[in-house]
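Here are my notes on this one, as numbered points. Have the model open while you read.

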Amino acid sequence: MSAVQASPDFNQQPQRAEDNELELLLRVEMERPEELVKRIKEATQGWRERVRQARAKHDKALKEAKKKGTLLPDAMKKVEKEVQKLQDKKMKEIDNLEAQSVKQVSRH
């Protein structure tokens, strides 16, 4: 029980049951839909940011390869186009998951 009391996310104290003094009860309230939607949006924004960071890291590696001359200009354009396709696909997946999750929360 002390772990529950010490948790910063769970700020309720257990209450004694009316019919049994030795029994402790915790009343758990459902999260409001607005809070769930906000958490969903924050999570999906984090995913988008990680995709962008991966893209930036990849772009940096491409620039270094171009500088060293290990990558031909035609190959570089092809690689950039493929990376853009992958990024667009991943962003679309994230958008779809976000929309689906928000819709599901709104239904309940």
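1. Is Ala 99 buried, exposed or partly exposed? The residue is found in helix 3, and because its relative accessibility is 47%, Ala 99 counts as partly exposed. The cut-offs: buried means under 20% relative accessible area, exposed over 50%, and partly exposed in between, with a 1.4 Å probe and protein chains only.

2. Before going on, a word on what you're looking at. This is a predicted model, in which local features need pLDDT of at least 70 and side-chain atom pairs count only at pLDDT 80 or more, while totals for chains, interfaces and linings use all residues. Residues are numbered from 1 along each chain as its sequence is written, and side-chain values use heavy atoms, with hydrogens and water left out.

3. The overall layout: the protein has three helices and two strands, in the order α-β-β-α-α from the N terminus. Helices (H or I, at least four residues) and strands (E, at least two) are DSSP runs, numbered from the N terminus. Of its 108 residues, 17% count as buried. Take the contacts between residues at least 6 apart in sequence, and 47% of them join residues at least 24 apart; contact here means heavy atoms within 4.5 Å.

4. Now the helix pair. Two packed helices are described by the angle between their axes and the distance between the axes. Helix 2 (residues 33-68) and helix 3 (residues 73-107) have axes that come within 10 Å and cross at roughly 175 degrees. That angle is why helix 2 is roughly antiparallel to helix 3. Their contact has 15 nonpolar, five polar and 10 charged residues. The axes are lines fitted to C-alpha atoms, for helices over the stretch in contact, and angles run from 0 to 180 degrees between N-to-C directions. Angles under 35 degrees count as roughly parallel, over 145 as roughly antiparallel, 65 to 115 as roughly perpendicular and the rest as oblique.

5. Val 37 is worth a click. It sits in helix 2 and is buried, because its relative accessible area is 18%. Leaving aside neighbours within four places in sequence, Val 37 is in contact with Val 102 and Val 105. Its C-alpha lies 8.3 Å from that of Ser 106, 69 residues away along the chain. For Ala 99 and Val 37, 62 residues apart along the chain, the C-alpha separation is 9.9 Å.

6. Thr 44 is also in helix 2. With 3% relative accessibility, Thr 44 counts as buried. Beyond its neighbours within four places in sequence, Thr 44 touches Ile 94 and Glu 98, with both in contact. From Thr 44 to Leu 97 is 53 residues in sequence, but 8.2 Å in space, C-alpha to C-alpha.

7. Setting aside neighbours within four places in sequence, its contacts are Glu 80, Val 83, Gln 84 and Gln 87.

8. Last, the largest pocket. About 150 Å³ of space lies in it, and its lining is Val 28, Glu 29, Met 30, Glu 31, Arg 32 and Glu 35. By class, that lining has two nonpolar, no polar and four charged residues. Ala, Val, Leu, Ile, Met, Phe, Trp, Tyr, Cys and Pro count as nonpolar, Asp, Glu, Lys and Arg as charged, and the others, Gly among them, as polar. On a 1 Å grid over the protein atoms alone, a pocket is an open set of points where a 1.4 Å probe fits, with protein on both sides within 12 Å along at least five of seven lines; lining residues have an atom within 4 Å of a point. The volume is the space filled by probe spheres set on the points, which are joined across faces, edges and corners.
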